[in-house]
Protein chains: 2
Amino acid sequence: MLFFTQCFGAVLDLIHLRFQHYKAKRVFSAAGQLVCVVNPTHSLKYAPTRCAAAQASTEQGILPPCHHHEAVHDPQLVPCTCPLFSCPWEGHLEVVVSHLRQTHRINILQGAEIVFLATDMHLPAPTDWIIMHSCLGHQFLLVLRKQEKYEGHPQFFATMMLIGTPTQANNFTYRLELNRNQRRLKWEATPRSILECVDSVISDGDCLVLNTSLAQLFSDNGSLAIGIAITTSKVHSSEAEI
Amino acid sequence: MLFFTQCFGAVLDLIHLRFQHYKAKRVFSAAGQLVCVVNPTHSLKYAPTRCAAAQASTEQGILPPCHHHEAVHDPQLVPCTCPLFSCPWEGHLEVVVSHLRQTHRINILQGAEIVFLATDMHLPAPTDWIIMHSCLGHQFLLVLRKQEKYEGHPQFFATMMLIGTPTQANNFTYRLELNRNQRRLKWEATPRSILECVDSVISDGDCLVLNTSLAQLFSDNGSLAIGIAITTSKVHSSEAEI
């Protein structure tokens, strides 16, 4: 009896996922953009983050595995950069993408402009929504995180990291755009390198930040659609500041 | 001796203001936009806000003076809408602008696109920067507020209110834009009517929200430049959502 109940539950889950995917396709088909439905990943709240480990290493005079800004000129080992996973993997920068795909099951999408549809925004913090984006000959990692920076007040933080060196990252500009309910919010910045720590980018607040009420205004039936576009930074730098 | 010291102090203040104004003109002259240097206004932290008074009136079954959404079809008295001032003035909607100019010394600027340069961003919360903007035959009130929504963590909130009814406000779209240090943040929305409470707009977070670190990244020498543009909402509504 228990077996049949579990089977029925699994079928219901599949129908639900299929419906969500269909709905996303339907909502955005008019714009002709590629939509990716991204399900949440529960964070390991009490696991020590790599930033903390890096900090400890720095205090002991050891080179930290992340949070270093210099370019990697020669092939060398880098730690797994998948946010909030305490993964012991280390490897060359060139094989980070295949590690993230194979071990952490992170999807990769092609295209200059895509829509990232994060589902189940109501889930409690900490929660991550992660996807890889292949564009202009490089791979980028988009991280949306729900986190309680101030206790009892969850916020959403979205940033984009280049799976490459900081020098390479400086060549690009990414744009995140929310558009719903007669409100529009756009964030443009240079992506950070995946060699830097996503935790510190988010704790510094140097990213797109949304409070819960604004996230609700921009979301539709518990899902938040973020339009993503990547360009080379020459376009950005040539524009005059305000 | 004291008289001479005070005179010297006043002259120094004038030179400082003149320098700030000159600097602002110099920074933005390339863009050919009108720049308005806006000095901060300290909020009356412990004064009861009109929202609280309105709430109390509602509980007692009396029509609140602010926070009502219906259009004012017939001339009627409205309370002073200058944020955070506990001003006892009441008057017709048509004379709110002259009251704000004369009593609260709020400047008014003409032009479709202006730059709002808020000085002394380091001042402790609560602090307001306020200006009126005359555009497309109407007057708008821009409020930038530094406030501690979470104790010890001041944030900046910027919104635009139409000095008119909610029905009139629905005809417009305002845009606030920050652009500095290879980062750009744009917020577009329909302005709220000044008959609604600016305090509730800010407490709901339905406006441009900046944490302190992001405000520092966008500011130059303690001043934050916000580009403002107002259009009729037909343009906004005709654009396809993401």
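**Ground rules**

I number residues from 1 along each chain as its sequence is written, and I letter chains from A and number ligands from 1 in the order in which they are written. As this is a predicted model, local features need pLDDT of at least 70, side-chain atom pairs count only at pLDDT 80 or more, and totals for chains, interfaces and linings use all residues, while side-chain values use heavy atoms, with hydrogens and water left out.

**Entry 1: chain A overall**

I looked up the secondary structure of chain A and found seven helices and 15 strands. Helices (H or I, at least four residues) and strands (E, at least two) are DSSP runs, numbered from the N terminus. Chain A has 242 residues, and 52% of them count as buried. I use buried for under 20% relative accessible area, exposed for over 50% and partly exposed for what lies in between (1.4 Å probe, protein chains only).

I then took the contacts in chain A between residues at least 6 apart in sequence; 63% of these join residues at least 24 apart. A contact here means heavy atoms within 4.5 Å.

**Entry 2: the A–B interface**

I turned to where chain A meets chain B. The contact takes 40 residues from chain A and 40 residues from chain B. Between them the two chains bury about 3300 Å², of which 49% is on carbon and sulfur atoms. Buried area is the accessible area (1.4 Å probe) that two parts lose on being put together, summed over both.

I counted two salt bridges between chain A and chain B. The criterion is a side-chain nitrogen of Lys or Arg within 4 Å of a carboxyl oxygen of Asp or Glu. One salt bridge joins the side chains of B:Arg183 and A:Asp206, at 2.7 Å from N to O. I also counted seven residue pairs in polar contact between chain A and chain B, both residues at pLDDT 80 or more. Which elements of chain A supply at least two residues each to the side that touches chain B? They are strand S9 (153–162), strand S10 (172–180), S11, strand S13 (208–211), helix H6 (212–218) and strand S15 (223–232). S11 of chain A gives the largest share of that side, seven residues.

A polar contact is a pair of N or O atoms within 3.5 Å; within protein, one must be able to donate a hydrogen and the other to accept it, and residues adjacent in sequence count only if both atoms are side-chain atoms.

**Entry 3: aromatic pairs**

I searched the whole structure and got seven aromatic pairs over all chains. The rings of A:Trp187 and B:Phe218 have centres 6.4 Å apart and planes at 90°, so I log this pair as edge-to-face. A:Trp187 is in strand S11 (residues 183–189) of chain A and B:Phe218 is in helix H6 (residues 212–218) of chain B, so the pair joins two chains. Rings of Phe, Tyr and Trp (its six-membered ring) pair if their centres lie within 6.5 Å; planes under 30 degrees apart count as stacked, over 60 as edge-to-face and the rest as tilted. A:Trp187 is buried at a relative accessible area of 0%, and B:Phe218 is buried at 3%.

**Entry 4: backbone exceptions**

Most residues other than glycine have a negative phi, and most peptide bonds are trans. I found a cis peptide bond between A:Ala125 and A:Pro126, with omega about 0°. A:Pro126 sits in the loop between strand S6 (113–118) and strand S7 (127–135) of chain A. In chain B, the bond from B:Ala125 to B:Pro126 is cis, with omega near 0°.

A:Arg105 is not a glycine, yet its phi is positive, about 55°. A:Arg105 is in the loop between helix H3 (96–102) and strand S5 (108–110) of chain A, and is exposed at a relative accessible area of 69%. A:Gln182, also not a glycine, has a positive phi of about 60°. A:Gln182 lies in the loop between S10 and S11 of chain A and is partly exposed at 43%.

**Entry 5: two single residues**

I checked B:Asp128, in strand S7 of chain B. B:Asp128 is buried, with a relative accessible area of 1%, and its side chain makes a polar contact with that of B:Arg145 (3.0 Å).

I also checked A:Thr190, in the loop between S11 and strand S12 (192–193) of chain A. A:Thr190 counts as buried at 15% relative accessibility. Leaving out residues up to four places away in sequence, A:Thr190 touches A:Ala169, A:Asn170, A:Phe172, A:Tyr174 and B:Gln182.
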